[in-house]
Amino acid sequence: MELIKIQDLTKRYGSNIAVDNLSLSVTEGDIFGLLGPNGAGKSTIINIVCGLLKADVGTITIDNINIKSDPMEVKRRIGLVPQEIALYDVLTARENISFFGKLAGLRGNILKQRTDEALEFVGLTDKFNGTPKEFSGGMKRRLNIACAIVHQPKIIIMDEPTVGIDPQSRNHILDSVKRLNQMGSTIIYTSHYMEEVESICNQISILDNGRVIASGTKEQLKRIVSNEDRITIECLNMNYSSLEKLKTVHGLNHVEFNDNKIEILAENAQSVLQDVFFLLSSNDVRIKEVKMSVPNLETVFLSLTGRKLRD
Amino acid sequence: MNWKHVTTIAINDIKMSLRSPVSFVLILFMPIIMVFVMGSVMKPAFDMAETQTVDHFDVIYVNENPEGWAKAYDSFIRNSGADYFSLVESSEVGIEDQMIENGYPVAIIVPSVGNYVQIIGSGKGLAEETVVRTLTGGFLSSLNFTIALNDSIPSDVSPNPQSKQYITEKTPDTLFSNITSYQYFASSMLVFFLLTSGMSIGTALTDDRSIKIHKRINAYPIREKEYLIGKIVGSGTIGVIQAILVIAVTTLVFGVDWGDKPMEITMIIALVIFISSAIGILFSSFIKSSGALTASMTVVLWFMAFLSGGFTGAPISDTVSNLTINHWAFQSITTVMTGGEFSNIQRELAVLLIIATLLWGAALTIYKRRVTNE
């Protein structure tokens, strides 16, 4: 079921087009990644979906509700984790979560229970009485998430939630995203860290200059570039007969030798690597260096735009 | 309108304002400390007001009595009083309103019927009132001495056997009592600190924008007007707490008499809080950081307080003072404090209402534009 449907969306800031006739849809239960460099239009799309910005042109329906006709009902279904740490420094962790819970309509025992659950979910139960100014960057980011999920929204939108934090906190957050998804929430996750999107998202749209330049699963996106892995082996005493024998190894699509380097293309590099090494060693070929490159989203973006993702 | 959202925002703001120890002291104790310090320091100056010299001033004068002594008083007061004051001829009707509107310190009334002279003081010109009372008292003493002499002469040689009634100065009709230094500074500090309470809504709005909380709140099912009203209620409540505290403490500790018109005082306080909220919203629409907002609002509010005489005991200039919000609020509070009625503060309330309307019109227009542009 299509939970979020965006059709022909356009948003301009003066003469600059932030989102250009964009259409995409998110299926219920997805972890949907919006990947793109800074200025690609990710935050603008999120702000429009959350009702914080008005689109110039286009239709957005969330859970079959048109955002223009009933924005409040749409907002009830969404939890936004903003890119910035938007918390009150003088309030405790519990008070911050409780405040946003009240804005979402929670009261009484349900509010208390959900606040405790949110604290527990982000691992801040023992820090409930601490204020954000006493927290580390990672703890603040986790509290930022807790405030957005306290009302257990159907859709959770995370706008670059891992900016500026240590690897341990990043892993905790990425793990939290997966758990939230397992608990039934549909997630929209924006980032310009392609490794994050690649590791947690099952559907990805790559944006550039306000347009979707590619969409699909990560496997589908990688196939845009190539469906072959590349193995480069630098060796010291390669000979013609060894090369001919190498070409007979099963699973290798292409083998060539130049400047003491063997270039191999294979559909699955890992499965053929053992056979290649066995053949080379049995023919007394001495290996100096091995490089293996698998296509990733960075390669996809590079091939589609001619630029690197973080340029 | 979802009032639960309004109260959530308001309670949160009050909680945050009172949680910071610095804010707590500034909001709740500073007004009291200022009243104590200024009231104590300026008390001698207020006490000396009775002995000060006065410039030439205007006196409202009504003399409709046809009797001979009244004509004699008329002649006397015109000649002897000319060195000190000018008489502004008037009628008995609406004399108190004339005094308030035009700032006359004293009125002399010789009613058409009765053997007395009535002197009414505005409560704000003690020295002027003393001059008039001294001159009148001197005249009446001489006159009464003559009448007493007449009484001692046999009736067949007395030129005017009927005039055995002495002429009196009727004193209990003073319009307002004189204001004390503590009353003066309690009211001026109340006005000043109520105006500064607008800073709390200004800084709250600015902070919410700068740390992106406003954006985050807007992602929840809450309308912009609910958010803004919540902020206004929060800041207004702090103003009300301040006002209650200032009135209670100054009454109990310094013996300040706030008059017997709580409704009028409440109306004035409500108007000042309303105005201060509009100022806070206006400043927050132009200034990006709460520090800069606090600094600029403090400069403006202190400047207005000085111009209106809020810190000095007297305005630098009456004309310039009229341009400040403090002047109109202060005048209305002191009028009520010293016994004035609602009718006596209508003009001040009307001016405050106009200021509030203009500021709110501007504040809401600019706020809406700012939110739309965000």
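This is a predicted model: local features need pLDDT of at least 70, side-chain atom pairs count only at pLDDT 80 or more; totals for chains, interfaces and linings use all residues.
**Figure 1. Chain A as a whole.** Chain A contains eleven helices and 14 strands. Along the principal axes, its C-alpha atoms fill a box of roughly 80 × 45 × 35 Å. Of its 311 residues, 38% count as buried. Among contacts in chain A with a separation of 6 or more, 70% are made by residues 24 or more positions apart.

**Figure 2. Chain B as a whole.** In chain B there are 14 helices and five strands. Buried residues make up 43% of the 374 residues of chain B. Residues 24 or more positions apart account for 77% of the chain B contacts with a separation of 6 or more.

**Figure 3. The contact between chain A and chain B.** Chain A contributes 19 residues to the contact, and chain B contributes 17 residues. On the side of chain B that touches chain A, α1 (3–19) and α8 (213–218) of chain B each supply at least two residues. Sorted by class, this side of chain B has eight nonpolar, five polar and four charged residues.

**Figure 4. The four-stranded open sheet of chain A.** The strands follow the order β12-β13-β11-β14 in chain A, and their pairing is antiparallel. The edges are formed by β12 (252–258) and β14 (287–293) of chain A; each has a single partner strand, so one side of each is left without a neighbour in the sheet. From one strand to the next the twist averages 15°. Strands of a sheet pair through backbone hydrogen bonds, in either a parallel or an antiparallel way.

**Figure 5. Pairing of β12(A) with β13(A), and the helix across the sheet.** β12(A) and β13 (residues 261–266) of chain A run antiparallel and are joined by six bridges. Within this pairing, Phe257(A) has Ile262(A) in β13(A) as its bridge partner. Helix α10 (residues 269–282) of chain A lies across β11 (229–235), β12, β13 and β14 of chain A. The angle between α10(A) and β11(A) is about 20°.

**Figure 6. The largest nonpolar core.** This core has 135 residues. Which residues have the most contacts inside it? They are Ala146(A), Ile157(A), Met189(B), Val272(B) and Ile275(B). Helix α10 (residues 262–286) of chain B gives the most to this core, with 13 residues. Leaving out residues up to four places away in sequence, Met189(B) touches Pro31(B), Met34(B), Val35(B), Met38(B) and Val246(B). In soluble globular proteins, nonpolar side chains tend to be buried together.

**Figure 7. Helix α13 of chain B.** Helix α13 (residues 325–337) of chain B has 13 residues. From its first C-alpha to its last, α13(B) reaches 18 Å, close to the 18 Å expected at 1.5 Å a residue. Is α13(B) largely enclosed or left open by the rest of the structure? Since 13 of its 13 residues are buried, α13(B) is largely enclosed by the rest of the structure. Gly339(B) follows α13(B) and has a positive phi, near 105°.

Figure 8. Asp8(A) belongs to strand β1 (residues 2–13) of chain A. Its phi is near 50°, a positive value in a residue other than glycine. Asp8(A) has 11 C-beta neighbours inside 10 Å and so counts as exposed, the limit for that class being 12 or fewer. Asn21(A) is part of strand β2 (residues 16–27) of chain A. For Asn21(A), phi is again positive, near 50°, in a residue other than glycine. With 14 other C-beta atoms within 10 Å, Asn21(A) is partly exposed.

**Figure 9. Thr248(A) in its loop.** Thr248(A) sits in the loop between α9 (240–247) and β12 of chain A. Is Thr248(A) buried or exposed? It is exposed, because 9 other C-beta atoms lie within 10 Å. Thr248(A) and Asn16(A) are 232 residues apart along the chain, and 56 Å separates their C-alpha atoms.

Methods
Residues are numbered from 1 along each chain as its sequence is written. Chains are lettered from A and ligands numbered from 1 in the order in which they are written. Two residues are in contact if their C-beta atoms, placed from the backbone, lie within 7 Å. Ala, Val, Leu, Ile, Met, Phe, Trp, Tyr, Cys and Pro count as nonpolar, Asp, Glu, Lys and Arg as charged, and the others, Gly among them, as polar. Two strands pair if DSSP finds at least two bridges between them. Axes are lines fitted to C-alpha atoms, for helices over the stretch in contact, and angles run from 0 to 180 degrees between N-to-C directions. The expected span of a helix is 1.5 Å times one less than its number of residues. A residue is buried if 20 or more other C-beta atoms lie within 10 Å of its own, exposed if 12 or fewer, and partly exposed in between; C-beta atoms are placed from the backbone. A nonpolar core is a set of buried Ala, Val, Leu, Ile, Met, Phe, Trp, Tyr and Cys residues joined through C-beta atoms within 7 Å.
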